[in-house]
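Here is a walk through one part of a structure, taken step by step for someone who has not seen it before. Please keep the sequence and the model side by side while reading.

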Amino acid sequence: MSMNPKDKLCADCWRRGTEAMQKQNWDYAMEMFATCVNIKPENLVYRQTLRGVTQRKYGDNKSGAGAMEKMKLIGIRGRIKKARSKQDWEEMDKAAEEGLRINPWDPALNCDLGEAAQNREFMEVAEFAYECAFKADLKSKEYALKYAEILKSRGKYKQAATVLEHVLKLDPKDMAVSREITRLQAMQTTVDGGFEEAESTLDLKKKGPAAARPGELVAPGQSEEEDLKHAIRREPERLEHYSKLASYYRRERRYEEARELLQKALQMSGGDVGYREQIEDIELDMLRHNRDVARDAAPSDPTARKNYEELEKELVKRELEVFLSREQRYPQDMRLKMEIATRFMRFQKWQEAIPRLQKAQQDSRLRAQALAHLGMCFYKDGKLSLARGQLERAVPDLNHDRDPKLFKEAHYNLARILEELGDTEKAEVHYGEVLVVDYDYRDARQRLERIQAGVSKD
């Protein structure tokens, strides 16, 4: 399968950019990564990498280019103001990015980028931009509030509360902020501190040695985290130490710390794709975790329900983007093709899913699952005979204990197809397979009863 022209151009620019980073040719690297951002503005990794290269160009001086170059910011800020008045978020985004190539630490420009990205529904990018604005000017209440709000909207209640605690230090009399902190802490209660996974005090003890108190020394072997930190201090050039500590943080669901370490390793390695993929995996973990937090709160909180739905959609879109980029690097990975196909099915893009499922079925480990999904795609695409054939080949190898959802969906859809094709005798068999394991599954019981009563299909 040929690569999408945009994906190909991004891949070429990324390769050239990473090669330029290795040679410390920061201007050319910036140009290449900026091209990636222009083509795929929703991609967070492209933005982060561009920002990191820009900061390295200016020697991490926290102020960016010299005074003459900064004169250009006057015109850029004018463009941003005009774009905001017209709600031209794409132009506002581009102008902010142009300004950030002059001063990547500028809090106002980062805040402008966050606003534009949020209105373009690039929520990962918006969070990153607001975080940069907040960190660049810790005395600004405005930036802190905007950062806290985006964190809250993405289900990161604990982080949002922490930012608002900072706001309260800036303005101790703001009772609205104080009340919001209490609300956020209540929403985070089930996940705060990892207690949601501990069924008893024994479970907590099994997690390992308690963290050292401030100022207390930890002996080697008592703390995996401290041992890995010590390894980095001892051999700061060894990238594997960063990767191991990031893996530890990922297991502990300390995703921000893991991502920060891997971003440093990515820069030190000159853009090694392995570290980029680890960053992508952690960002997907963060999205899944935030989605789950919002889902758990959804039954009693309409705002959380809305957040959950938005996060679920954002997660699937991001997964699809990440998996498609990897498909070009690993064309023989059949499990990856299966993952991509099921995401396309979520968006009802049957024509994109079908060829990947046809390839995935060649892997004996995935055959039954791929055939079942193929049948569903053909069914949704109106090709009943093809759908019947795929599902009839799939169902003998499906196991309810291993995959109850797919088992029921496949038998139910096959029964529906057989019913539509007039083969009610076989349809009855497959409705029966569903009802044996789930008597209330969809309308399977009612359909079976109509068939048995000799009522024609609806």
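Trp14 has a relative accessible area of 7% and is therefore buried, a term that means under 20% relative accessible area, with exposed meaning over 50% and partly exposed in between (1.4 Å probe, protein chains only). The model is a predicted one, in which local features need pLDDT of at least 70 and side-chain atom pairs count only at pLDDT 80 or more, while totals for chains, interfaces and linings use all residues. Residues are numbered from 1 along each chain as its sequence is written, and side-chain values use heavy atoms, with hydrogens and water left out.

Rings of Phe, Tyr and Trp (its six-membered ring) pair if their centres lie within 6.5 Å, and planes under 30 degrees apart count as stacked, over 60 as edge-to-face and the rest as tilted. By this rule there are 6 aromatic pairs. In one of them, the ring centres of Trp14 and Phe33 are 5.1 Å apart and the planes stand at 65 degrees, so this pair is edge-to-face. Because Trp14 belongs to helix 1 (residues 5–22) and Phe33 to helix 2 (residues 26–39), the pair ties together parts that are 19 residues apart in sequence; helices here are DSSP runs (H or I, at least four residues), numbered from the N terminus.

Trp14 also pairs with Tyr46, with ring centres 5.7 Å apart and planes at 45 degrees, so that pair is tilted. Tyr46 lies in helix 3 (residues 44–57) and Trp14 in helix 1, so the parts tied together are 32 residues apart in sequence. Tyr46, at 9% relative accessibility, counts as buried, and Trp14, Phe33 and Tyr46 form one aromatic cluster.

Notes:
Helix = DSSP H or I, 4+ residues; strand = E, 2+ residues; numbered from the N terminus.
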